[in-house]
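Open the model in your viewer and keep the sequence panel beside it. The tour below goes from one selection to the next.

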Amino acid sequence: MDLLHSWGVELSVHLQTKYSRYEGLFSLASTVADLHTTFFCWFPIWFHLRRDTGLRLIWVAVIGDWLNLVLKWVLFGERPYWWVHETRFYGAGSAPSLQQFPITCETGPGSPSGHAMGAAGVWYVMVTALLTIATEKKCPPLLYKFLHINLWMLMGLVELVVCTSRVYMAAHFPHQVIAGVITGVLVAEAVSNVKWIYSASMKKYFYTTLFLTSFAVGFYVLLKALGVDLLWTLEKAQKWCVRAEWVHMDSTPFASLLRNMGSLLGLGLGLHSPLYNGTKKKNTSATFKVGCIIVSLFLLQLLDGWTFSSENHVTFYCLSFGKSVVALLIPTALVPGALCRICKGKREDKNL
């Protein structure tokens with residue numbers, strides 16, 4: 001593995017040396033590829049334009065990131081920014097010098113890449129949804145072929161930029177991002193074939209959330225009992241990151257787990273709330289849907305600005321979980337319900 005890692009470090013150094021002018025693009029690509037973008041941006045848009053696609057996005061993101069967490073605990077993947085300092089591969093010679101950035105110092109194991117895996121799954125869902133819409137609209141064969149080729153090429157380009165950005169940032173080795181892309185597409189395809197997610201009951205949402213959380217925590221406890229320290233990477237991140245403030249608690253495995261479980265539970269609560277059921281029965285217009293999207297995105301940006309201290313880990317994890325629940329409640333229930341009541345009040349005023 002050391003030889004494979006050394007090739008990855010050489011590629012990182014090459015990218016940082018030859019393409020330093022694209023640092024802003026790579027930083028943006030890594031930021032946008034985070035599943036945070038799916039929960040706070042893509043989901044509200046798709047949910048109100050095409051409900052089933054929105055639901056599929058959340059299920060693919062949650063299941064994919066949960067699987068990513070388990071795989072990382074099993075594979076014990078290194079990250080370039082600390083491996084280069086601890087390896088004996090270079091012997092008496094000097095190790096390559098890697099730059100670090102504010103988003104370099106993630107605290108979990110490196111394989112497979114969560115950014116590459118999440119982006120692959122999410123974009124696979126969106127591309128297949130657009131192609132399905134084109135089929136339903138009886139798009140001419142030539143235009144459909146054009147869309148088919150160009151949408152998949154766009155996804156490939158996005159994945160290439162995301163993967164390159166993760167290697168450039170010294171957060172991942174090349175084989176880790178490749179593994180992430182392949183796993184992400186497989187998860188998206190598997191979840192897309194599960195039909196009950198579109199009509200799951202609140203009980204099913206609750207038990208699925210409970211099972212996924214219990215499995216991950218139980219797996220952690222089991223490995224810890226066997227003497228395996230699954231938080232070994234946090235110490236490495238704190239030791240080798242050039243700036244302490246770049247080590248973020250929200251990149252730890254448990255923060256990721258609670259964020260995803262909160263999102264799934266929030267989706268279930270939103271879909272089965274009286275507010276959502278009241279709007280679902282009505283024939284909502286395009287104007288109403290656009291209004292829901294705009295208001296939801298605005299409120300989610302406000303929610304996103306709410307940050308909290310990570311000094312107390314229990315409080316931090318609880319608040320992260322609660323924030324994720326609210327983030328899914330806003331576009332599914334709170335905003336549609338509020339706008340529906342406002343529109344109903346205005347119609348009643350006109351009738352007086």
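**Stop one: a helix with two faces**

Start with α5 (80-86), which is among the elements that cover the buried residues of α10. This is a predicted model. Now select α10 itself, residues 232-240, and colour its buried residues: Trp232, Thr233, Lys236 and Ala237. Turn the view to look down the axis of α10; the buried residues fall within an arc of 130°, so they line one face of the helix. On the face turned away from that buried side, pick out Glu235, Gln238 and Lys239, which are exposed.

**Stop two: the disulfide**

Next, show the side chains of Cys105 and Cys241, which form a disulfide with sulfur atoms 2.0 Å apart. Cys105 sits in the loop between α5 and α6, and Cys241 in the loop between α10 and α11 (253-271), so the bond ties together parts that are 136 residues apart in sequence. The torsion about the S-S bond of Cys105 and Cys241 is about 85°, so the disulfide is right-handed. Both cysteines, Cys105 and Cys241, are buried. A search of the whole structure finds 1 disulfide. Select Cys163 as well: this residue is buried, with a relative accessible area of 13%.

Select Val60, Gly64, Asp65, Met117 and Gly118, the closest to its centre of the 13 lining residues. Then show α4 (51-75), α6 (114-136) and α8 (174-192), the elements that each give two or more residues to the lining. By class, the lining has 6 nonpolar, 6 polar and 1 charged residues.

Definitions and conventions: Residues numbered from 1 in each chain as written. Predicted model: local features only at pLDDT ≥ 70, side-chain atom pairs only at ≥ 80, totals over all residues. Heavy atoms only, no water. Buried < 20%, exposed > 50% of the residue type's maximum accessible area, 1.4 Å probe, protein only. Helix = DSSP H or I, 4+ residues; strand = E, 2+ residues; numbered from the N terminus. Arc of directions from axis to C-beta. Contact = heavy atoms within 4.5 Å. 1 Å grid on protein atoms, 1.4 Å probe; cavity = no way out; pocket = protein on both sides within 12 Å on 5 of 7 lines; lining within 4 Å. Nonpolar A, V, L, I, M, F, W, Y, C, P; charged D, E, K, R; others polar. Disulfide = S-S within 2.5 Å.
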